[in-house]
Amino acid sequence: MATHTVDVYAFFVNGANSSTNISRIEQDISKANSTWKGCIKFVLEGIYFNEDQIVNAGSIPSDGVFKNRQMDSQIKFARNVTGNKIGIYVFYLNGDFLAEGKGRKVVGASTTEVGYFESSTNYELFGHIVLTDKAAGRYTFAHECGHVLFKRYSETRNMFIHDDPSGPYINFQTGKRDPAHNSDQKNLMFPISPSVNPIVTSQQCQIAKQSKIVRNNIDKYYDFRNIRR
Ligand SMILES: [Zn+2]
């Protein structure tokens, strides 16, 4: 059986010392690997510290994390450092929560950026995740990886989607449907990820395995462009 590997690059702008941060990323990777076991293997490919630079979570609104100037410059720096390697880029911020936006007490957020787009089957994706101090010891990283890996081009809808294939989550108070999340409280993609042994369904695994961020699914075009450089 082929291994489905996802490369992870970690960037620390939380002001903590390097040994604390190394245990932090190791814990997040290990929680992600236990959750996605038999499906996806996350491999830490790089850790970057900048002890002089601190980005405060409280200065970034949770509904506009990736439109934020500070985050934009962090991402540019990160992509530059790796030479635009395909993978998941995770940024560790200082402080407990993002600033209030779409929700209170948000400890993690993610987005998946489209690189080049040749066709509905040939395109490039980069995953970006931010985590606050309060995401430590939880399954937030594993959950955000789910959002990133579910991003795909839908031929039937002619657009990019990131729906949970086992979703949606339906809020029983408001009746609102949220296609990115799951209604099972034990599922990793429940809006608030479970604190013990979250479940990943076989449908979720199937979709995640097909992600363009998975190492064996990266398009040849990407390799070709690298060779020409
Ligand atoms: Zn979520």
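Predicted model: local features only at pLDDT ≥ 70, side-chain atom pairs only at ≥ 80, totals over all residues.
# Questions about the chain

Visitor: Is Ile25 buried, exposed or partly exposed?
Guide: A residue needs 20 or more other C-beta atoms within 10 Å to be buried, and 12 or fewer to be exposed. Ile25 has 19 such atoms, so it falls in the class in between: partly exposed.

Visitor: Which residues does Ile25 touch, not counting residues up to four places away in sequence?
Guide: Ala10 is 15 residues from Ile25 in sequence, and the two C-alpha atoms are 7.3 Å apart. With sequence positions up to four places away left out, the residues touched by Ile25 are Ala10, Leu44 and Ile47.

Visitor: Is Ala32 buried or exposed?
Guide: Ala32 also lies in helix α1. The cut-off for a buried residue is 20 or more other C-beta atoms within 10 Å. Ala32 has 25 of them, so Ala32 is buried.

Visitor: How far apart in space are Ala32 and Ile54, C-alpha to C-alpha?
Guide: Ala32 touches Phe42, Phe141, Ala142 and Cys145, not counting residues up to four places away in sequence. Ile54 is 22 residues from Ala32 in sequence, and the C-alpha to C-alpha distance between them is 25 Å.

Visitor: Is the crossing of α1 and α3 left-handed or right-handed?
Guide: The hand of the crossing of α1 and α3 is right-handed.

Visitor: How do the residues of the contact of α1 with α3 divide into nonpolar, polar and charged?
Guide: On the α1 side the contact is made by Asp28, Lys31, Ala32 and Thr35, and on the α3 side by Phe141, Ala142 and Cys145. Asp and Lys count as charged, and Ala, Phe and Cys count as nonpolar. The division is four nonpolar, one polar and two charged.

Visitor: What is the peptide bond from Gly167 to Pro168, cis or trans?
Guide: Pro168 sits in the loop between β7 (159–161) and β8 (169–170). Most peptide bonds are trans. From Gly167 to Pro168, however, omega is near 0 degrees, and the bond is cis.

Visitor: What is the phi of Asn158?
Guide: Asn158 lies in the loop between β6 (152–154) and β7. Asn158 is exposed, with 8 other C-beta atoms within 10 Å. Most residues other than glycine have a negative phi. Asn158 is not a glycine, yet its phi is positive, at about 55 degrees.

Visitor: Is Asn197 buried or exposed?
Guide: Asn197 is in the loop between β9 (177–178) and α4 (202–209). Its phi is positive, near 30 degrees, in a residue other than glycine. With 11 other C-beta atoms within 10 Å, Asn197 is exposed.

Visitor: Does Asn187 count as buried or exposed?
Guide: Asn187 is likewise placed in the loop between β9 and α4. Not counting residues up to four places away in sequence, Asn187 touches Ser166, Asn182, Pro198 and Ile199. Asn187 has 22 C-beta neighbours inside 10 Å, so it counts as buried.

Visitor: What distance separates the C-alpha atoms of Asn187 and Ile47?
Guide: Ile47 is one of the residues touched by Ile25. Asn187 and Ile47 are 140 residues apart along the chain, and their C-alpha atoms are separated by 29 Å.

Visitor: How many helices and strands does the chain have?
Guide: From the N terminus on, the elements run β-α-β-α-β-β-β-α-β-β-β-β-α-α. The secondary structure comes to five helices and nine strands.

Visitor: What radius of gyration does the chain have?
Guide: The C-alpha atoms fill a box of roughly 55 × 40 × 35 Å along the principal axes. Buried residues make up 37% of the 229 residues. A compact globule with 229 residues would have a radius of gyration near 17 Å, and the chain agrees, with 17 Å.

Notes:
Residues numbered from 1 in each chain as written. Left-handed = near helix turned anticlockwise from the far one by under 90°. Helix = DSSP H or I, 4+ residues; strand = E, 2+ residues; numbered from the N terminus. Contact = placed C-beta atoms within 7 Å. Rg over C-alpha atoms; globule rule 2.2 N^0.38 Å.
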